[in-house]
Amino acid sequence: MKSRRLKQLDKKLERAASYDEWRDLALQHDDVSGMRRWREVDQTPLYDFTTIRRRLDRLRNLRARHDDIGLLFTLNEGIHGNMGGMGSSKLHHEALGGTKVLVEDYVEEIVLALNHLAELDDGKISVADKLDFFYRANHCYGRSALMLSGGGVLGFYHLGVVKALLDQQLLPRVISGASAGSMIAGVLGTQTEDELTKFYDPAHVQQEAVEEATVFERLLRGGNITMDVHDLQLMVERLIPDLTFQEAYEKTGRQISISVAPSEPQQTSRLLNAIASPNVYIRSAVMASCAVPGVFPPVTLSAKNVHGDPQPYLPSRKWVDGSISDDLPAKRLGRLYSTNHSIVSMVNPMVLPFMNTRTESHKLVGSLSKFGIELGRDALNIYRTRVQQGSEYPRFNMLLNSVHSLLDQNYRGDINIVPGFSFYNPLKLLSHVTEKEMLSLMQQGERSTWPHIGEIDTCTRISRTLDSILERFESGDLKPRAARRRPRRPLAKKSSSKTTGVTGKTGTVKKSTAKKAKAKKSAKRGAAALVNGKGSDFSAAAMV
């Protein structure tokens with residue numbers, strides 16, 4: 001009876017029309033399978049539940065006793081996404097409806113404590129001390145990045161992933177894209193929230209599908225269904241406004257990065273963004289990242305000069321498909337934007353067979369797949385070294401370098417969103433899709449994201465809260481409540497004690513010109529830090 005009920009729920013989950021419907025069915029599934037009870041019990045060897053329970057109780061106690069100085073000190077001891085192993089993916093994949101309630105409660109308590117301190121009146125903790133804490137916490141905690149892989153026409157799958165994240169207000173601000181993923185990153189980086197809402201309007205999506213289908217039918221009548229560079233350029237111009245990376249950031253606040261690979265040997269790949277290449281046009285970056293070697297010609301990047309006119313960027317160099325060398329630029333994003341958590345939408349056909357959910361669940365098959373890739377990489381290293389010595393075939397050398405780069409990359413993130421299929425006809429990867437195929441890919445992306453929504457929400461909630469608090473401070477929306485006036489006793493001389501988050505001592509705090517200047521200086525420093533994607537340079541020893 002139980003088995004039959006679970007099978008019925010599995011079928012309903014596959015047919016769910018919305019995330020809310022899927023979520024309700026997932027909770028029913030946990031009730032029947034017994035996983036709801038698993039969620040409510042702290043104990044499991046998958047994480048250090050004792051440490052988290054002890055810390056949760058301490059935070060609750062401090063907040064209940066209004067010990068704000070003690071609360072600040074306790075938070076200074078460390079807030080990070082993997083406290084006691086609570087960020088482990090296994091811990092979030094046991095039940096469909098969420099992870100351990102203890103973990104969810106702990107994250108909720110951290111968020112409540114952060115907001116409480118932010119809104120605390122200035123008489124208890126000064127604005128300067130708050131900003132000092134929040135900038136350090138934001139820098140040390142880090143943030144999440146969404147990385148969109150290459151994959152030809154399978155890139156329409158990314159649109160569904162993005163839609164699911166947007167619907168739940170979980171889309172990270174740091175986004176990277178390579179090849180097909182660069183197209184979607186370009187759209188996200190140049191469209192405001194209102195524009196994205198219109199972009200995902202069913203009528204607009206249908207129109208985009210019709211545009212693709214119309215081109216497909218025209219080419220089919222001509223006997224050629226493969227996309228050429230002119231078709232690619234028209235698509236880029238239709239979807240992405242003509243903005244530079246800096247202009248796009250100023251418009252949307254999203255920090256997008258696009259990977260491009262060099263077309264010549266002995267050159268290194270680039271990650272184009274508002275920090276490294278602010279004046280480069282996003283359209284030219286997308287064209288370069290989508291330039292599959294042997295199919296599309298290499299691209300010279302274009303940038304806006306000091307007079308506002310376009311001109312070649314690094315005119316002596318040409319660039320090709322970014323997925324060849326840096327499909328998922330996690331390390332570079334970490335250096336530029338302090339990201340330490342990644343959400344990957346993976347449709348690279350070279351990788352899909354090794355990332356299929358069923359394959360991953362079988363430890364032996366997963367180990368053999370990893371061993372096979374490493375063996376192939378080592379063999380290619382030896383062969384490439386021998387062949388390239390005195391080789392007269394530069395094109396062949398480039399092909400070997402490209403294959404080696406593909407094998408030498410890490411294709412996994414902290415959260416991996418992968419389609420249900422593990423094989424797609426390679427002959428169709430660079431062809432136009434029909435209306436039905438495009439809508440199907442988007443739907444698959446959206447459905448594949450739903451099982452990860454709870455995990456993404458839990459793992460990114462603290463970082464989203466820290467970003468939100470700092471934005472509110474810098475915009476002036478967050479104004480601490482005025483200190484409640486207390487009757488003063490006559491003193492022989494004014495107290496010189498200060499509120500500190502180290503000793504826990506409190507005293508009379510009086511706003512001075514120096515304090516205001518310090519707060520203003522901290523705010524400016526924090527604003528610059530957010531623009532650059534980094535936090536303050538204060539010591540992080542107590543935070544990690």
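Where is Ser 179 found, and between which two elements does its loop lie? I started my notebook with that one, keeping in mind that this is a predicted model.

**Entry 1: Ser 179.** I found Ser 179 in a loop, with β2 (174-178) on one side and α10 (180-190) on the other. Next I looked up its accessibility: the relative accessible area of Ser 179 is 6%, and buried means under 20%, so this residue is buried.

**Entry 2: the record.** I checked UniProt, where an unreviewed entry lists Ser 179 and Asp 321 under "active site".

**Entry 3: Asp 321.** I then turned to Asp 321, which is in the loop between β7 (319-320) and α16 (323-326). Is Asp 321 buried or exposed? I noted a relative accessible area of 7%, which makes Asp 321 buried.

**Entry 4: contacts.** I left aside neighbours within four places in sequence for both residues. Ser 179 then has contacts that include Gly 150, Cys 290, Gly 322 and Asp 321. For Asp 321, I wrote down Ser 179, Ala 261, Ala 288, Ser 289, Ala 291, Val 292 and Pro 293. Ser 289 is also on the contact list of Ser 179.

**Entry 5: cysteines.** Cys 290, a contact of Ser 179, made me curious about cysteines. Cys 290 is buried at 9% relative accessibility, and Cys 140 is buried too, at 13%. How many disulfides does the count give? I got zero.

Notes:
Residues numbered from 1 in each chain as written. Predicted model: local features only at pLDDT ≥ 70, side-chain atom pairs only at ≥ 80, totals over all residues. Heavy atoms only, no water. UniProt positions renumbered as here; feature names shortened; annotations may be inferred. Helix = DSSP H or I, 4+ residues; strand = E, 2+ residues; numbered from the N terminus. Buried < 20%, exposed > 50% of the residue type's maximum accessible area, 1.4 Å probe, protein only. Contact = heavy atoms within 4.5 Å. Disulfide = S-S within 2.5 Å.
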